[in-house]
Amino acid sequence: MVTGASAGIGAAFARDLAAQGCALVLTARRSERLQSLAAELRQAYGTRCEILPADLADPTAPANLCAQLDAHGIGIDLLINNAGYGVPGTFDASPWPRHADFIQVMMTAPTELAHRLLPGMRARGWGRIVNVASLAGLVPGTAAHTLYGASKAYLIHFSQSLGQENGARGVHVCALCPGFTWSEFHDVSGARAQVARMPRWMWMDAAHVVREGLAAAERGDLVYVPGRINRGIKTLFKLLPDRFALALIARRAHRFRVGADASADQHSPREH
């Protein structure tokens, strides 16, 4: 099952898995996108492809999805928790319901889906859970998009703990932490104008990210950062003292975070 399968990294996961002969369950908000992707995959690979449209901002969505799986007699061996987006601007610029929806989609829903599908994987003695996190969860937080890095850091630590609990039962859990990836993500978050100025060598294509992520999950890696540039960035921020790391990310945030300029003027990292 791939969440957020209608575009970007989610669609790339669906295409890669279909090419490997996997039967798929695809879920996302946009039903017409799912139908189009399913038709493409059936024609290209002859794969079985079930469509279950759902909005994971709805707290009942994970339970409803799993009930539909049970009704269809479908057991999930591989869960790709990919659905996600960003909320641009500073924390106080958005009303609380918008943040609550974000937390539901980015943290609660993937956690609940893993909880509901894990018992079947353990019973069968084989399973894979890939939580699509981000390099943002491994570097200091930035001004603007306030909850994004925090939600990804949660997925990373959740994956580490869940993987250690279940590895001996044949269930591998991996937090996949891509950096800048060509997809619709930045259009939806409103950051396309900023990130378009980033050098091309910092970007990866979604298909490459997916191939590396699936291989990492198969190896049993608990956390995986695709791309040498991204791994170098992770190492740099790990080695830098906190004060310097925060100052560096604060100076660069305006390149990829909507609203970071104004926030940086008001609050220097040195004040905290």
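## Basis of the model

A cavity is here a set of points, on a 1 Å grid over the protein atoms alone, where a 1.4 Å probe fits but cannot get out, and lining residues have an atom within 4 Å of a point. Grid points are joined across faces, edges and corners, and a volume is the space filled by probe spheres set on the points. The model is predicted, so that local features need pLDDT of at least 70 and side-chain atom pairs count only at pLDDT 80 or more, whereas totals for chains, interfaces and linings use all residues. Residues are numbered from 1 along each chain as its sequence is written, and side-chain values use heavy atoms, with hydrogens and water left out.

## Cavities

By this rule there are three cavities of 30 Å³ or more.

The largest cavity holds about 70 Å³, and its lining includes Thr3, Leu56, Ala83, Val105, Met106 and Lys152. The elements that give two or more residues to this lining are α4 and α5 (148-166), and α4 gives the most, with four residues; helices (H or I, at least four residues) and strands (E, at least two) are DSSP runs, numbered from the N terminus. The lining of the largest cavity divides into eight nonpolar, three polar and one charged residue.

## Alanine 83

Alanine 83, one of the residues lining the largest cavity, is found in the loop between β4 (78-81) and α4. Leaving aside neighbours within four places in sequence, alanine 83 is in contact (heavy atoms within 4.5 Å) with Thr3, Gly4, Leu56, Val105 and Met106. Alanine 83 and methionine 106 are 23 residues apart in sequence, and their C-alpha atoms are 7.2 Å apart in space.

## Packing of α3 and α4

Helix α3 (residues 61-71) and helix α4 (residues 96-124) pack at an angle of about 35 degrees, with their axes 9 Å apart; axes are lines fitted to C-alpha atoms, for helices over the stretch in contact, and angles run from 0 to 180 degrees between N-to-C directions. The contact is made by Pro62, Ala63, Leu65, Cys66 and Leu69 of α3 and by α4 residues including Gln104, Glu112 and Arg116.

Terms used: 1 Å grid on protein atoms, 1.4 Å probe; cavity = no way out; pocket = protein on both sides within 12 Å on 5 of 7 lines; lining within 4 Å. Nonpolar A, V, L, I, M, F, W, Y, C, P; charged D, E, K, R; others polar.
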